[in-house]
Amino acid sequence: MGNCLAASVTTSTDSITSDGTSNADTSRQLLVMLHMPPPHFRPGSNYSGRYVDDPGRSARLRIAKDIARAHSLTLVTDWPMPALGVDCFVMEAASNDSLTQSMEMLSHDSRVEWAQPMSTYRPLANTEHLYSLQPSAKYWHLAEIHKAATGRNIRMAIIDSGIDDHHPDLTGQVILKENFIDGNPYVPESHGTAVAGIIGAGARDGAGIEGIASDAHLMALRACWEVTEHDTRCNSFTLGKALNFAILNKAQVINLSLTGPPDRLLQRLLDAALSQGITVVGAADPHIADGGFPASYPGVLAVADEDSKPVKAGTLLAPGRDIPTTAPDGKWNFVNGTSFACAHVSGIVALLVEMNPSFTPAQIRQQLKFNLTPTVDGQPAGTIDACATISKSAGSCICACPLAHASKVIH
Amino acid sequence: MQGARCDIVRVAAALLLLVLANMAQAQISGNATIVSDYRYRGVSLSQGKPEAQVDIGYDSSNGWYSGILASGARLNYADTEQLVAYAGYAGRFLSELNWEVGASDVRFVDNSDYNYVEEFVGLSTDHFNARISFSPSYFDSQTRTIYAELNAVYPLQDHLQLLAHIGSLHYLVISDESSSMATSRYDGRIGVNAKFSDWNVQLAWVAIQKTSAYYPRYEDRNPRATVLSVSYSF
């Protein structure tokens, strides 16, 4: 079905691991996909374990070594992706020139399902202190909409940098943590912690914030890593592993507050997620006409900051400026960027999934309502009207009913 | 004996043709195993003795698979070889749910009286698989059987898994020869598997229900056993 190769498009100078998955110089790396047959019967004495000690894995490793040798590549690491039926091998070329040659040769190698460059992704965020406090809750009327839904038990996969699950607002909210960056231990990081707070900070009296889906079950899938305080990176391989995990572990919503180039491996995984009814929310890059990938991918809910103009038709607008949220080491911070608008929409999607558990991603999209004109509390026209959205699913008025919210969808 | 070998050669030749016909993205894999006691569905096919096994499998890119297992065995206090040719089709319902349908042809080189064929269907996920097998003449007993099994794998650590198996053999029609036997019997297996690169080490405790429904014309003296196996995948 496929293989995965990734070639980085950046030239960062940091180096985290020796396996190349988070190494600075991923520009010479590629992903090679080998077909992974479904598990099946094999006779023998270990009959109950044949699905465990799958000899096919050893065979594919042998084939990958042969391929690497034949194309003068170095085998770096691998990761099975049963969600796609492929084993993904990371290989590295000696130079950028040889990478191009290798890609060409691999495209004609019948043993290879597909090969692709390793792409690099980055969040769309700025965590500097820029503006004064403006509680985002006033736009979303959390107190009111939480009377109808809180995202209870919705499995929300946050594919991002590390989340501080010991933060006072996040304690007990994260049901699992997984690290997909080899050789780089899981650590709490700014971007992931900020996104997690907006989506799922617990509702507690006293200090702190409240997430849009405060009763959601957060899956902290660390596929990105902080290079510096303001530079966070991910790549095709780490994101692919995290998406594969989210699909296999029955996530209901996936938040992707990041952007980069189109990528075959990630596209295939998004197809698998969407076909299983998982709603995927992606941050749209305001500097790219179509919003960049994965926001531009069909079926993904693309989200832009409500101050971003112009945006591609169909892009959802949500608050993305002056957002108070959680920060590592038990702190709070104000953040800005499309990443956090994306987190807002993931939060409200979790509420909709709770209220409409059988809805497809497309039906969830149709539940969203928008403000046709600027609101009295300062939201621009075209932004998501959370009250109207939740009221529609609830079948009754949730917020200030006399001010009947607009219900026209902006296209 | 010669007939069994010829049949196996024909099956192997057919497999080879299948391999050559569709090499693109096809994979050949194998497993070599030393087992302290060859327990098959709870019954020892080696009379408690160690045996060596080699399994070669072929997987096409479109879901078809086939293979052959060669194993030492011991029946009626005489050493023999068991050859199992198998083939089937495996697919995915969803990314986490797989299904398969297939058949196996089991032959004993020096004891053709025990040869039999079986067809099976199965479902599997990451941690479970279930399979139902039907034989029109199990161990050539002229007795139709259905064997239902459920297998589970639970990861304990990165390289260590807990394994569990429960199976039930049902006799659909009891032949005159075995008319005094029970109509079904259960077997179970629990163990751990440690994986080190291409090597697997399994330690398992195997048990079979004490009934008179032993495999037709096969004597089983030890209903419980601890089995150690070491295998190398390639």
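Mentor: Quick one to open: the C-alpha centres of domain 1 and domain 2 of chain A lie 33 Å apart. This is a predicted model, where local features need pLDDT of at least 70, side-chain atom pairs count only at pLDDT 80 or more, and totals for chains, interfaces and linings use all residues. Residues are numbered from 1 along each chain as its sequence is written, with chains lettered from A and ligands numbered from 1 in the order written.

Trainee: Where do the domains of chain A run, and how many residues does each bring to the contact?

Mentor: The bounds come from an automatic or database domain assignment. Domain 1 covers 26-118 and domain 2 covers 137-403. Counting contacts as C-beta atoms, placed from the backbone, within 7 Å, domain 1 of chain A gives 13 residues and domain 2 of chain A gives 15 residues.

Trainee: Which strand supplies the largest share of the side of domain 1 of chain A that touches domain 2 of chain A?

Mentor: Strands here are DSSP runs (E, at least two residues; helices are H or I, at least four), numbered from the N terminus. On that side, β2, β3 and β4 of chain A each supply at least two residues. The largest share, three residues, comes from β2(A).

Trainee: Which residues of helix α2 of chain A are buried?

Mentor: Buried means 20 or more other C-beta atoms within 10 Å of the residue's own, exposed 12 or fewer, partly exposed in between, with C-beta atoms placed from the backbone. On the other side of α2(A), A:Asp97 and A:Glu104 are exposed. In α2, residues 96-106, the buried ones are A:Leu99, A:Ser102 and A:Leu106.

Terms used:
Two residues are in contact if their C-beta atoms, placed from the backbone, lie within 7 Å.
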